[in-house]
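Work through these exercises with the sequence and the model side by side. Try each task before reading its solution.

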Amino acid sequence: MLLSESSGKARVSRGSVLADILLDSDVIIAWLRGYQPVTGAVLKLLESGHSLLWTPVSVAEIFAGARKSESARLETLFQILETLPISEAIGKKAGHYLQKYSKSHSIELGDALIAASACVANLSLWTINKRHYPMPEIRLFPHLT
């Protein structure tokens, strides 16, 4: 599925049997650029009613690296993905992750904020780059990562 082919939002109330999944920027880029098997997996998740979320960090990373040909599909992302706002609790948790993992694992601010968002919101994180998330409390979404 390409983003321009999407038919709308997929949202599930918290506490549902279906999982809410936080997408890392690398997964969003793979989806945006039509890379299989990510594209097929996203389509299946949306069709089955899962909510896919992103953070303002991913929004910034995606828009900063976007190709001109991707602009229409980028706007569709806002119709498909729910934005998880960054809160004070997320900021504090990200600071803790930076303090603990920046030297040993080269964790940067963006990854710390995404990890903290997943942790504080109790979401599974779907990433291709597992090494960016050494935190034991982060639940990595096992699908094609």
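**Exercise 1: helix 1**

Task: find which residues of helix 1 are buried.

Solution. Buried means under 20% relative accessible area, exposed over 50%, partly exposed in between (1.4 Å probe, protein chains only). Helices (H or I, at least four residues) and strands (E, at least two) are DSSP runs, numbered from the N terminus. In helix 1, S25, D26, V27, I28, A30, W31 and L32 are buried. That is 7 of the 8 residues in 25–32, so the rest of the structure largely encloses helix 1. Next, look past the helix: G34 follows, with a positive phi near 75°.

This is a predicted model: local features need pLDDT of at least 70, side-chain atom pairs count only at pLDDT 80 or more, and totals for chains, interfaces and linings use all residues. Residues are numbered from 1 along each chain as its sequence is written, and side-chain values use heavy atoms, leaving out hydrogens and water.

**Exercise 2: strand 1**

Solution. Two strands pair if DSSP finds at least two bridges between them.
- Strand 2 (residues 51–54) runs parallel to strand 1, joined by 3 bridges. Here L22 has L53 as its bridge partner.
- Strand 4 (residues 124–126) also pairs in the parallel sense, over 3 bridges. L23 stands opposite W126.

**Exercise 3: helix 2**

Task: determine what the buried residues of helix 2 pack against.

Solution. Helix 2 (residues 38–47) has 7 of its 10 residues buried. Among them are V38, V42 and L46. Contact means heavy atoms within 4.5 Å. The buried residues pack against strand 1, helix 1, strand 2, helix 4 (71–80) and strand 4. After helix 2 comes G49, with a positive phi near 95°.
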